[in-house]
Every structure is written in C-alpha cells, then in structure tokens.
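Hi,

Here is the structure I promised to pass on.

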Amino acid sequence: MEVNEQIAIDHGLKKDEYKKICDLLKRVPNLTELGIFSAMWNEHCSYKSSRLHLKKLPTSGKKVIQGPGENAGVIDIEDGDAIVFKIESHNHPSFIEPYQGAATGVGGIMRDVFTMGARPIANLNSIHFGSSQHKKTKNLLRGVVHGIGGYGNCMGVPTIAGQTSFDSSYNGNILVNAMTLGLVKKNKIFYSKAAGLNKPVIYVGSKTGRDGIHGASMASASFDEKIEEKKPTVQVGDPFTEKLLLEACLELMAGDSIIAIQDMGAAGLTSSSIEMASKGNLGIELNLNKVPCRESKMTPYEIMLSESQERMLIVLENGKENIAKKIFDKWDLDFAIIGKTTNTRNIELYYDEKQVACIPINTLVENSPMYDRKWKKTKLPKKNLIKKEEFKKFKIKEVLNKILSNPNVCSKEWIWQQYDHTVMGDTIQKPGGDSGVVRVHGTDKAVAATVDSSAIYCWAHPLTGGKQVVCESWRNLISVGATPIAITNCLNFGSPEKEENMGEFVECVQGIGEACEYLKFPVVSGNVSFYNQTKEIGIKPTPSIGGVGLIKDYKLMITMDFKEINNLVLIIGKTEGHIDQSLFARNILNEKNGPPPEINLFNEKNNGETVLQLIKSNLIRSAHDVSIGGIITAVSKMCIKGNIGIEFDKPKYFMSEIEYLFSEDQGRYVIEIEPKNLKKVESILNKNSVHFDKFGKITDKNMIINEKTKVTIDELKAYNTNWLSNYMN
Amino acid sequence: MKSAVITFPGSNCDRDMHVALNKFGFKNKMVWHNDNELPKSDLVVLPGGFSYGDYLRCGSMASKSKIMQSVINFAKSGGLVMGICNGFQILVESGLVPGILLRNKYLEFICKNVFVKINNKDNPYFKNLDKEVFELHIAHNEGNYFCTNDQLKEIVDNNQVAIYYCSDNGKTEEKFNPNGSLKNIAGIFNKEKNVLGMMPHPERMIDKSLSGEDGSLFFKNLLNNIK
C-alpha cells in the first residue's frame, strides 16, 4: 500500500505532522514506518501537549534515586532499600471493555515496576465512574473491579488502598488509574538504557498476537458513537503469564546478564526497542521473523504495533544467552534472540530477509512534535453569600445521613473485599484507612501509600485544586504516621486541543508543582491521559496523586479507629467554615458554584509536621484527616471503625454548627489523645503555633452532637456501609 | 521437624507459607513442581495461589504435575499433606480428599476474616488445641465446597469435616457462610485424617500486626503434635 496524507490522518497524525515525517525522512514512509511514527508521535507516547508544562514540576530531592523518564520513579528508604513506584492510566480501554481494560492496566503498571528489578509489594487504584443513575455505571464498575482483582489477585500482590468516585462528567469516559510499589535493593536497580555494540536483543514472555494494535493511538483520541468498533484495540490480559514473567525476570536479574530491560507496554515492540536504543545513543536491528507470534502470517506492521501483554525486551551481555534461555525455559516462557544493537542510530527492521523499515531514531524521539497549546486561565469564582439563617433549617442528623451515604463518601468495602489485600503477609493497614501500609519484608520498616484526587475542586479552580490534591496525599500519609517522601501523578484531562481543558491541565500542573515544591514532596514518575472526552464533553480535570511515605518503626503506625473511652478528641488546624464546593453545598444546598477551600501551604506543612511529631512521640492513639464531608464525616468514620462513640463539647466557635461540622477547610486532622497527655500535646501544638480545637470526648455507643441530637453507632454504620452493596446487588 | 512447600507455576502464597513454617520452628524446603522426588519431610504443604492461572479448572493442571505423584504416594503412606486454598483445590483434583470447589455463590472474589469452628480434633492438625472457634482469613474465588449426597454421608460418617464457617461464638448457620459451601464446610480430611484441605489461610494470621494471630496457635500446635 502506497502511503499518503489520508492514510496518515487515519493513523491519528495531523497533516503538518505527516509533512514533518516526510521532511525528516526526505521521502515518503512505507506503511510499517508510518505505523511506527504514529505510535511514537501520538499523545500517549510523545507527551507532545504536556511536555512543556511537565518540565516545571519539581522532580529531585535527597531521597530521589530516579525521577521521571524511566519505567518508574525510585526513592531511597534507607538501609540499601529502595521503593520503585508509578501510577498509570488505562481509561480509554476500560470504558470500551472494562474487565480487560482494567486488568491490563494493572498488569502494565506492575511490569513497569518489575522491569526495574523490583518485586511488586503493593497495588493501589483510583477509579472514577459516571453518575450512579447512568445506565452504564453499574456494569462498568463491576467489570473494572473484577478486572483489577482478576489480575492483581492472581499475581499475588496485595491491593492495599484506592479511591472510587462517581460524577456525571465521567458518564462517557471512566477513569482507571493503577499504581504499583515495588521493593528493590539500591544497587540492583535496572534501567532501560542500552549500551555496547552487537549486544543481543532478547524477546521474552508471551507471544505476539493481533490484539491491542493501535491501542496507544486509540487512547490519544476522543470517543464518538463508533466507540464499539474500537474493541479490537483493547489488549487481553494473562496474569498467569505475567506471574511467570515476574519470577523469571527477577531470577535473571539476580545475576549480571542484563544491560538494559524494557517492558512492551503502549506501542509494544516499537516503543520498547526505540526507547532502549535512544537512551543508549545506539541503533537497533530486529529480525521480525524471529518474533514469537501467536497467529500466522502477521505482517511487520502488525508485529511492530501489537500491544499484546506480558512481553519484555532485554539487551543482554554477549555470551549470556544460554543462562537467560535456561531461566525462561524453566518458567515455560518464550525466549528469542530477535536482533542486536548497532552503531547506526537507526531502527532497522528485516522480514523475509528484506529490509522493511529504516528510520533514524532521533526523528522518532527528539524530533517528535511538541506543542505549546493555547490555554485559558480559570478565574477564582466568587464566594456564595449564604445567610446564617439558611443553615438553621437543616437537621444535623438528616444531613449526616445523606452525607455518609453519598456515593463518594460511603464505605467501599464491596470493592476492596474483592481484592486480595493480605497476600505476601505484610499488610498492616488494609484498605479503608487513610493510607495502605505494608511492611518491608523482614524489617521494622513499613511503607505507606495513598492515591487521591479532588476533581470538584480542580474543576472549580484548577490551580487551587492541583495544590489541594497534593496536600491531601501528604495528609493521608501523615495520618498513618508516615513521613511523606514523593509522589507519582496520573493527569486525566479532556482534549488538549480545547483551550478550557488545556487551561485546566496547565493550572492543575502549576498547583501540583507549587505544593510539591513547598512540601518537599517531589514528583518521581507519572503519566498524562488527555482526550478523556466524548464528542464535546470532557471529564472534570482529575489529577490522581499517588503518595508514598516511610514509617521507620511499623509499631508506631496509627489507624483511624477511635480506641478508648474517655480519651480526648482534638481538631488540628483552623476551621473557617468554607462551605463552597463542599459536599454539603453541592448535595444539600444544591449550590455548584463558588471557589474551593483555600490552600495555605505554610499551615499545611506546619500542621502536618506537628501531627507527625506527636505520632512519633507516641502521643496520638488515632488520627484521620478531615476531607470531603468535613469534621463530622471524619469523626463518624472514626466512630464506625472503632465501634465506639463520642460526645461533642459545647461549641465555642463563631459560626453555625452546620458550617463548623460540614465545611471543608484544608490542613485539618482529627486526633485522639489520652487525657494524661493533654498538657504535653497542648504545649507542642502551642510551641509550633498550630491552631487546635478541643472537640470532644470518646464515649460508648453514641455520637452525641448536642443536647437534642444523638446518633447511635449502628445508625452511623447503616448510613455509611450499605449504599454501595445495595446499589450493586 | 521438616516440611516441604511445593511451588507450582502461579503459586503465590508459597513464600508466605515458608515464612510461617520457619517462624514456628519447622525446617522448610521449597520444592519445584517439576521435581520427581520430595525431600524427606514430616509435612508437605500445597500453598495458595493460582497454579496454572486457574485455567481449565482450579487445581486441575497442578494435580497432574510431576511432583504430585510423590505427594500422592507420601499421603498414601500416611504422611501429612496440607492444602491451603489453591492447595485444597489441588487436593480435590488429585482425589486425595473428596468433593469439589465451585465458584463462590455471589460470583465474587472474597478477601476477609472469617470464623471457623473445629469439628474434629482427633487428628495431628487440631489435637490438643484448647480453642474451638478460630478467626482466620480467606481470599478466594472458588471456595464453594460441594459433593454428592453419597459422598456427604460418607464424609459425615467418617467424621471427615475439619472446620465449618461459623459466627464468632461458633454458630454454624448459613448467614455465616461466606461462599455458599455445602453445610458451611471450610475444610475436610481424607478418611485417614492425614490429609487436610482448607480454604482459610492460617499463614496470614501469624502476627498481631496482621489480620490476627490465630494462625500462630495453629502452627505452634501442629509442630508440637508431630514432634
């Protein structure tokens, strides 16, 4: 087939991009070459709309061993140990085929982590669905949860935390973000940079099939009514093979055979071979007849663009082929020497002894397009003026029922009970807490991880929202007693070709950057997912932040359940009564306008560090951050988990009870302390100038809000635990 | 005391079991599914996981792997063989214990703590335990025990039920059955009681920082019984 402009457009390339390809090559590419360009230059692989802005994020720090640019980020957790972690989106495929889309998302991110030599020790996920009333939501949710569980459970990696939200902006584009943490010795980290000439290039894992061809291109476009036709672009997962691949790779990595290794993820053999050669400033030559194929008569085009799962490409030291082959034979995996490194700086492909493609690698990587897209700034919305009398008409108990049973607040146990969260025998904080926590096997250390997003705040004001979500991640780590170290981010947005969506992206990234910089909480890995858009409707901007922290002595970990009768409850951080964009405003007042709560980074850092100091000094029995739904929601969850009540003190604040209890001011925590420690705690808080309110005292079975209002723990449980399981069954 | 844990392709609780056995005083060896011979052992464990991806039927392919012939011979000669979760599925597929394990009643994977009641203490696994009800952890998709009426009669007549799902105070009612198992059965023995298959994972309950410590009691007692 003769390539022309129309064929290039059908591959998702723009006219001027096609012209640039012809100029760079000084000729018209053949179809295989065009396929390779389209795979490397799509948004998903090239970051052409986002690169310019991502550069501004802080990515280094004392604990950072590897920042963005590798398969995953790496941080130092002392004693020669390191944590490899990353989050990645699998949004588009999950909407088309929820089970396989979600499953391969989980498989892909685990591969990114063990490619670097790390054994995966924890999975997390952030999943977002359309309105619970939308006809597709239930099936999508069920499919995604089964897919995540189906893959992660089989791999034997615990799923320790996650986040689920419902919002009508996801009706046509759900989000599935999967995150994995792996453990590796600092001196045994593997990278994707090839080195040396005439080194054998090895293909291992599953055979290549016709699934997932153009998957990355599909994920770089909006949806329309023909979406069902895109099913063949979704990959099919085989977690069993991946488990074998994991064990085989780690076995090979124990020796010194590997120079470089790269998993075949988006854009399969194309991106993996090109990335390794590009990083090593080398060329690469592949004989496509040697690639193990699942189906007969696959063309070079199909082989290069297949996104079949569970495959790896390795550059080996000369003479190590037999050692490697023996290991992969033991694990019943395909193993083939398919090429070698060269000094040409070209990617050269051969098929039936003919050269079928020859492209200078720099044209695919360094010369890939980069756009400074037009974007529009979002003004800070005006505050709503709500009269004090307005609040008086609400009965707290009724409001609390509505808030606790809201789909975005209610217990997600129906979901996480389907994930194996205890395999590997080191999970010391299960899903449902502020962060999931796993011990570093055989040591006193533990690693905490959380994944968060706040699309409502980001939509109302992207700059504030971007800062907020980083702070929320920071707070969730602090709340379990972990010292926050670094984050990974998954940036889910609409079309970058629309000024509003691009503006949301630019300002969220700016907010994330500012917060990370201030909190010394650098970004070490991540991914961008644009075009979460169906026709003209895009999702609310949804950056998902995956935070990781370290607990040096796991016995000092804190959980959120209230522990003991007569203990005191304090609210750390100042409550100003910010109601706009709160769950209360949106769902009870039905008021969707107004600014999100303000972020004060000084208070955020100061409050967080002080709470951490209290935890480390053994002065706190339970802790929980205050997030959506306000103080009363946080306190209710602590009562439910502890199966114990609380009596609120008489209010001394200058606002209505509703504002105090349901407002969503930031930088706040609820902590439980023993009465005998009150003086000590107060003096530390005062010394650090941290604002706090004495809030109440723990009692037996009731939440006593005031003289007139009492809620039993069983009532709280009924409000909070039933919505999701009733909805799904 | 010597133990052996078999690793099949797709096993994923093999390490956890190894850690647990060693913690309570066994000298454990890991054995590869493709080996012919078992090392000299007082206890052989088939661990949890997804052997062969649970493709075809859970446990069916693993039951045909090379090492299983030695395991079967070891069991037939009276050796102690314990199958946990996927290991239990392998035991039923290899005919060492009766019945089969169907997909969970609500068609969903379940990972949570459950209570089980010990039915029969006249065996090396539960002898001398001074507790009836244990809190253990389950994590499975196919734990719904089923057998024919004739088999059930035989199992009951021979006192082969090892543990039942129950409430925290030992009530074995249907509402405490997490997966639809016949009669709330969570684990069974062979006729001779030297082979035990059960869905709950004692190896995940060996530390108070984990889901609980009832697994520790089980392992300590087991070691004492076979010393």
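**The core, and what I found around it**

Keep in mind that this is a predicted model. I started with the largest nonpolar core, which has 294 residues; those that touch the most other members are A:Ile83, A:Val84, A:Ala446, A:Val447, A:Val470, A:Val670 and B:Val116. The element that gives the most to this core is α20(A), with nine residues.

That helix deserves a quick check. α20 of chain A covers residues 499–519, and at 1.5 Å a residue its 21 residues should span 30 Å; the end C-alpha atoms are 30 Å apart, so the two agree. Just after α20(A) comes A:Lys520, with a positive phi of about 50°.

Back to A:Val447, one of the core residues named above. Setting aside neighbours within four places in sequence, A:Val447 is in contact with A:Ile77, A:Ile83, A:Leu181, A:Val438, A:Val440, A:Val548 and A:Leu550. A:Val440 from that list sits in the loop between β15 (436–439) and β16 (446–452) of chain A. Is A:Val440 buried or exposed? It has 20 other C-beta atoms within 10 Å, and the cut-off for buried is 20 or more, so A:Val440 is buried. Again leaving out neighbours within four places in sequence, the contacts of A:Val440 are A:Ile77, A:Asp81, A:Leu183, A:Lys445, A:Ala446 and A:Val447. For a sense of scale, 39 Å separates the C-alpha atoms of A:Val440 and A:Glu647, which are 207 residues apart along the chain.

**A helix pair in chain A**

Next, α16 (residues 396–404) and α23 (residues 630–642) of chain A: their axes come within 11 Å and cross at roughly 70°. The range for roughly perpendicular is 65 to 115 degrees, so α16(A) is roughly perpendicular to α23(A). From α16(A), A:Leu400, A:Ile403 and A:Leu404 meet A:Ile632, A:Thr633 and A:Ser636 in α23(A). Four of the residues in this contact of α16(A) with α23(A) are nonpolar, two are polar and none is charged.

**Where the chains meet**

How many residues of chain A are in contact with chain B? There are 23, and they meet 23 residues of chain B. On the chain A side, the elements giving two or more residues are α8 (137–155), α10 (239–253) and β14 (427–429). By class, that side of chain A has 11 nonpolar, nine polar and three charged residues.

**A few things in chain B**

In helix α1 of chain B (residues 14–23), the buried residues are B:Asp14, B:Asp16, B:Met17, B:His18, B:Ala20 and B:Leu21. They pack against β1 (2–7), β2 (27–32), β3 (43–46) and α5 (214–226) of chain B. After α1(B) comes B:Gly25, with a positive phi near 105°.

B:Asp54 has a positive phi, near 60°, and is found in the loop between β3 and α2 (66–76) of chain B. With 23 other C-beta atoms within 10 Å, B:Asp54 is buried. B:Asn128 has a positive phi as well, near 75°, and lies in the loop between β6 (110–118) and β7 (133–140) of chain B. B:Asn128 counts as exposed, because it has 10 C-beta neighbours inside 10 Å.

Cheers

Key
Residues numbered from 1 in each chain as written. Chains lettered and ligands numbered in written order. Predicted model: local features only at pLDDT ≥ 70, side-chain atom pairs only at ≥ 80, totals over all residues. Contact = placed C-beta atoms within 7 Å. Helix = DSSP H or I, 4+ residues; strand = E, 2+ residues; numbered from the N terminus. Nonpolar A, V, L, I, M, F, W, Y, C, P; charged D, E, K, R; others polar. Buried ≥ 20, exposed ≤ 12 C-beta atoms within 10 Å, placed from the backbone. Expected span 1.5 Å × (residues − 1). Core = buried A, V, L, I, M, F, W, Y, C linked by C-beta atoms within 7 Å. Axes fitted to C-alpha atoms, helices over the stretch in contact; angles between N-to-C directions. Parallel < 35°, antiparallel > 145°, perpendicular 65-115°, else oblique.
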